[in-house]
Amino acid sequence: MMRFPLYFWALCAVLLYNASSICHGHVSLPGKKVAIFVFGDSIFDAGNNNYINTTGQANYFPYGESFFKNPTGRFSDGRIVPDFIAEYVKLPFIPPYLQPGNSDYSIGVNFASAGAGALDETNQGMVIDLGTQLSYFKNVSRHLRKKLGDAEAKASLSRAVFLFSVGSNDYVFPFSINSSVLRSYSREEFVGQVIGNITEMIQDIYKIGGRKFGFLNLLPLACVPFLRVIPGQNGSCLDQISPFVELHNKEIFNLLQKKQSELNGFKYSLLDFNTFLKERMDHPSKYGCGNECMQDGLGNTAV
């Protein structure tokens with residue numbers, strides 16, 4: 001799997017302690033430790049899918065081989081983005097919510113599930129959808145209020161960082177099964193549904209006390225191996241999905257800007273994951289990675 005500069009991911013999280021931005025500039029590390037709550041899909045899944053009835057699990061080699069030396073449920077040969085961020089701010093790796101015995105949420109917890117989307121219908125029955133991830137977070141917030149008291153729990157959540165990688169599967173899933181939903185809604189309507197659910201998620205977390213949000217925009221999905229092998233593609237890129245990705249990325253930026261102006265204390269960081277990956281896909285040698293490295297990296301990465 002291709003390796004990303006640690007500082008790049010960490011910068012996006014650290015920015016959340018001070019100001020809203022799109023991952024640029026220089027800031028100092030905060031003096032006080034905060035919790036990290038993680039939501040989304042396989043980009044961020046730290047092992048939750050190991051504890052549900054699904055075929056979408058990363059519990060076999062080569063997953064985990066380069067860092068942990070064994071599969072951990074991460075869809076990576078090593079660490080994932082939240083791991084790097086946690087390391088950078090001197091926290092332990094954020095554990096999966098469903099991991100047995102995990103009941104200390106002082107450093108946060110990871111709710112992400114490989115294959116999940118913002119829409120309930122995305123890979124339904126095989127993943128922990130975003131709505132269920134939110135319900136798990138509400139359980140955690142109740143636990144914190146009981147443990148810390150209302151005032152301290154609210155203060156803790158206001159300092160916490162909420163990380164999201166979600167949306168890719170909402171577009172991959174209907175294309176992969178040639179769903180009629182793509183003919184039932186215009187592109188704007190369908191993307192609007194995805195963004196609408198993400199909007200509700202942000203608003204619910206804000207009401208509970210969250211103030212600092214970090215998002216990845218969608219990666220360039222057209223040429224991921226999974227879509228290139230669906231019937232009829234014959235190994236070619238699925239270019240029809242690209243306008244959905246482009247519109248989604250535009251709308252997630254607009255959404256975060258809007259929430260910043262509407263919600264008091266709302267801060268965000270948006271990583272341009274699309275450009276970041278596209279640059280490395282187009283020029284792998286520039287980043288110390290040959291073509292075979294990039295192919296392996298994308299092939300071993302799920303969303």
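Asn123 is found in the loop between E2 and helix H3 (130-148). Helices (H or I, at least four residues) and strands (E, at least two) are DSSP runs, numbered from the N terminus. The model is predicted: local features need pLDDT of at least 70, side-chain atom pairs count only at pLDDT 80 or more, and totals for chains, interfaces and linings use all residues. Residues are numbered from 1 along each chain as its sequence is written, and side-chain values use heavy atoms, with hydrogens and water left out.

Asn123 is not a glycine, yet its phi is positive, at about 50°. Pro62 sits in the loop between E1 and helix H2 (81-88). Most residues other than glycine have a negative phi, and most peptide bonds are trans.

Five strands form an open sheet in the order E2-E1-E3-E4-E5, and their pairing is parallel. Two strands count as paired if DSSP finds at least two bridges between them. The edges are strand E2 (108-110) and strand E5 (267-271), each of which pairs on one side only. From one strand to the next, the twist averages 15°. Axes are lines fitted to C-alpha atoms, for helices over the stretch in contact, and angles run from 0 to 180 degrees between N-to-C directions.

Strand E1 (residues 36-40) runs parallel to E2 and is joined to E2 by three bridges. Ile36 has Gly108 of E2 as its bridge partner. Helix H7 (residues 187-208) packs on the sheet and touches E1, strand E3 (161-165) and strand E4 (212-216). The direction of H7 makes about 155° with that of E4. Helix H9 (residues 242-262) also packs on the sheet, touching E4 and E5. Its direction makes about 165° with that of E5. Contact here means heavy atoms within 4.5 Å.

One disulfide (a pair of cysteine sulfur atoms within 2.5 Å) is found in a search of the whole structure. Cys223 and Cys237 form this link, with their sulfur atoms 1.9 Å apart. The link is right-handed, with 110° about the S-S bond. It connects distant parts of the chain, 14 residues apart: Cys223 lies in the loop between E4 and helix H8 (225-228), and Cys237 in the loop between H8 and H9.
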